[in-house]
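Reader: Please show me the model, and then let me ask how its terms are applied.

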Amino acid sequence: MVEKPRIILHVDMDSFYASVEVREHPDLQGRPVIVGADPKGGSGRGVVSTCSYEARAFGIRSAMPISEAYARCPGAVYLRPDMRLYARVSGEVMAILRGYAGKFQQVSIDEAYLDLSRAGSLSAAADLARSMKSEIRRQEGLTCSVGIGPNKIVAKIASDFQKPDGLTVVEPGRVREFLAPLPVEKIPGVGKKTGAELHRMGIATIGQLAGCSVPQLLASLGRHGVALRELALGHDDREVEQGGAAKSVSRETTFPEDTDDARFIAGVLDALADDLWRSLEEEGLRFRTLTVKVRYQGFATHTRSRTLPRFSSDREVIRRLARETFAGFPLHRKIRLIGLRLSALDADNTRQTSLEDFAP
Ligand code: TTP
Ligand code: MG
């Protein structure tokens with residue numbers, strides 16, 4: 001018996017942070033809105049997180065230096081990110097989406113995959129997509145774009161195809177024809193470096209990548225090139241993984257020189273803690289367990305963990321717990337590397353540990 005093709009849906013919110021800001025401040029409707037670093041009249045450092053489609057008409061994009069955005073559109077509305085707000089709205093949107101599928105996987109703050117194979121047909125899946133779009137619009141005042149295809153890669157590329165407020169359905173028999181004319185940069189995993197290498201090889205479209213020989217790709221890009229060719233062919237057997245949220249987040253840093261300078265180490269610990277805090281905020285997650293890893297001169301590596309009585313996503317709690325846990329390590333030798341990990345993560349809105357609860 002021939003197995004029925006799967007029906008996979010990918011949904012991605014439109015200009016997410018900017019759209020949430022416009023929803024909160026309706027007077028911004030129709031204006032170029034840029035969420036990111038402070039432009040400081042054009043001399044600001046830092047980058048654009050995202051911007052409204054009105055701002056995109058000026059050529060402004062995510063990750064562009066904020067000074068360049070300012071040069072392109074000094075009259076835009078510039079806002080600092082409010083991660084707490086976006087994480088909360090993300091949680092509400094994801095709760096709506098989760099209701100539509102047996103198998104649901106959130107992959108970032110504003111995108112998710114759903115396995116809708118049980119809908120039985122593409123047209124039934126498209127009906128579900130229309131009702132989830134209107135539910136999100138009605139309940140959250142936000143638009144999203146949806147792609148439906150036989151696997152994750154096709155669904156993901158399809159959701160981007162008619163942004164904003166799009167719905168693109170790709171039939172299994174039309175995958176190659178849909179993908180072929182698109183630029184290779186539409187494949188996730190083709191960044192600046194890989195893109196430049198592909199262009200150097202004369203490969204600009206997904207169709208050209210699909211037609212490229214394996215030995216040629218191996219020679220120039222190694223196994224990554226071969227994996228990209230599979231995606232370009234529309235082949236992808238990754239499942240939608242229920243509960244696909246991160247199980248832990250971690251950061252580590254190797255010092256330029258081994259050190260036992262306590263003040264320097266405390267500063268690094270704070271920076272790692274702040275980085276992890278930002279990841280939690282972006283994913284709308286909270287943690288209970290923190291682990292400190294220490295590698296001494298000579299490579300001996302040790303870890304120590306502490307678990308909170310309740311979930312937290314508070315920056316000061318992370319900083320303080322990191323310092324206290326680190327204090328348990330003997331400083332008999334210089335340190336080469338230090339790492340922090342947050343685990344026992346949870347996405348829901350359980351009561352938080354605050355600094356007040358953090359009894360010494
Ligand atoms: P995206 O879905 O990539 O972008 P978007 O939702 O703003 O716009 P689009 O309509 O094209 O989907 O990212 C989701 C959010 O993640 C985005 O609103 C802000 C944040 N983000 C950054 O902070 N930095 C970045 O470089 C990118 C790409 C996104
Ligand atoms: Mg988006």
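Reader: From which domains does the shell around ligand 1 draw at least three residues each?

Author: The shell draws at least three residues from domain 1 (8-15 + 84-172) and at least three from domain 2 (17-82); the bounds come from an automatic or database domain assignment. This is a predicted model, in which local features need pLDDT of at least 70 and side-chain atom pairs pLDDT 80 or more, while totals for chains, interfaces and linings use all residues. Residues are numbered from 1 along each chain as written, chains are lettered from A and ligands numbered from 1 in written order, and side-chain values use heavy atoms, without hydrogens and water.

Reader: How many residues surround ligand 1, and which are the closest?

Author: 14 residues surround ligand 1, and the closest are D12, S15, T50, Y53 and R56. A residue counts as near if one of its heavy atoms lies within 4 Å of the molecule.

Reader: What makes the pair between Y53 and ligand 1 a polar contact?

Author: A polar contact is a pair of N or O atoms within 3.5 Å. A polar side-chain atom of Y53 lies 2.6 Å from an oxygen atom of ligand 1, so the pair meets that limit. A backbone N or O atom of S15 lies 2.7 Å from a ligand 1 oxygen atom, so this pair qualifies too.

Conventions:
Polar contact = N/O pair within 3.5 Å; in protein donor to acceptor, adjacent residues only side chain to side chain.
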